[in-house]
Each structure stands twice: as C-alpha cells, then as structure tokens.
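Morning, everyone. Please look at the screen while I talk.

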Amino acid sequence: MATGQVRASHILIKHEGSRRKASWKDLDGRVISATTRDAAVRQLLALHDDIDSGKARFQDVAVRYSDCSSAKRGGDLGRFGRGQMQKPFEEATYALKVGELSGIVDTDSGVHIIVRTS
C-alpha cells in the first residue's frame, strides 16, 4: 500500500442539491431531483442504525441503496490518497479508525456514510 493511502466503502444518497442528479438506479434523476437533503439524511440515518445494530451488513445495504456506481462492489471505493476525493469525504475517511463507521458526511455529490476498511 502506498504511504498515506486509505481504503473505504461508502453509501451515497443523492438529493436535489447533488451536483449530478442521476445514478445507476435513477437514470433520469427523477427520484433524486424530488428528494430533499433532509429526506436523504433521514434515509441514511435509518440505514446507519440498521448497520450499527447488526441488523444489516454494510455491503448489503450499499448494494441495495447507494446511488454510487460502487454499489455493485458493496460500496468499495478501493484505495485512495489525499487530494483524490472531495475534501469533506477525505477528511472524514482519514479521521476514522479501520472498521469504524462515520456519521453523515456532506459533499457536492450528496450525503454519505463511510466505513474505513484499511
């Protein structure tokens, strides 16, 4: 592993304020454009609770709910270093311990929860 790199998985919920209002599961962006940030956060918090309580596995939730194309890999983004991700995402990921689940992280893409995997 290159020095300073981390590996993380995430679940992204896009909303009306997201820079790209389409995803693999909402190709024309109709649902995303009609979703408020608050509604996206509420959905993500419910998913976070399910993962945190052990009711659901992070990867399974990502496959089903994430608006990112990484959903097909269980949310896995692979390894990345500083300067490769949006700043709030990068800062949140580097602040996590391996195996730790973040709170809500806001970026131009939408709202995320992140788990650092290495």
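Let's start with a helix. Helix α2 covers residues 37-52. It lies across β1, β3 and β4, and runs at about 20° to β4. Some terms before we go on. Helices (H or I, at least four residues) and strands (E, at least two) are DSSP runs, numbered from the N terminus. Axes are lines fitted to C-alpha atoms, for helices over the stretch in contact, and angles run from 0 to 180 degrees between N-to-C directions. Contact means heavy atoms within 4.5 Å.

Now, where this comes from. This is a predicted model: local features need pLDDT of at least 70, side-chain atom pairs count only at pLDDT 80 or more, and totals for chains, interfaces and linings use all residues. Residues are numbered from 1 along each chain as its sequence is written, and side-chain values use heavy atoms, with hydrogens and water left out.

Stay on α2 and find L44, which sits in this helix. Is L44 buried or exposed? L44 counts as buried, because its relative accessibility is 0%. The cut-offs are these: buried is under 20% relative accessible area, exposed is over 50%, and partly exposed is in between, with a 1.4 Å probe and protein chains only. What does L44 touch? Not counting residues up to four places away in sequence, L44 touches I11, I13, I104, V111, H112 and I113. Take V111 from that list. L44 and V111 are 67 residues apart in sequence, and 7.8 Å apart in space, C-alpha to C-alpha.

On to the sheet. Four strands form an open sheet, in the order β2-β1-β4-β3, with antiparallel pairing. Which strands stand at the edges? Those are β2 (76-80) and β3 (105-107). Each has a single partner strand, so one side of each is left without a neighbour in the sheet. From one strand to the next, the twist averages 40°. A general point: strands of a sheet pair through backbone hydrogen bonds, either parallel or antiparallel. Here, two strands count as paired if DSSP finds at least two bridges between them.

Go through the pairs. β1 (residues 6-13) and β4 (residues 110-116) are joined by six bridges, in the antiparallel sense. In that pair, I13 has V111 of β4 as its bridge partner. S9 has V115 of β4. β1 also pairs with β2, antiparallel, over three bridges. T107 stands opposite G110 in β4. These two strands, β3 and β4, form a hairpin with two residues between them.

How covered are the strands? In β4, seven of its seven residues are buried. In β1, seven of the eight residues are buried, so this strand is largely enclosed by the rest of the structure.

In α4 (residues 87-95), the buried residues are F89, E90, A92, T93 and Y94. They pack against β1, β2, β3 and β4.

Two single residues next. S70 lies in the loop between α3 (58-65) and β2. Its relative accessibility is 1%, so S70 counts as buried. Leaving aside neighbours within four places in sequence, S70 is in contact with H10, G75, D76 and L77.

Q5 is in the segment before β1. Q5 counts as partly exposed, because its relative accessibility is 21%. Again leaving aside neighbours within four places in sequence, Q5 contacts R79, F80, G81, Q84 and Y94. Q5 and S109 are 104 residues apart in sequence and 22 Å apart in space, C-alpha to C-alpha.

S109 takes us to the last topic. The largest pocket is lined by 19 residues, and L12, K14, R19, C68 and S109 lie nearest its centre. A pocket is found on a 1 Å grid over the protein atoms alone: it is an open set of points where a 1.4 Å probe fits, with protein on both sides within 12 Å along at least five of seven lines, and lining residues have an atom within 4 Å of a point. How much space lies in the largest pocket? About 320 Å³. That volume is the space filled by probe spheres set on the points, with grid points joined across faces, edges and corners.
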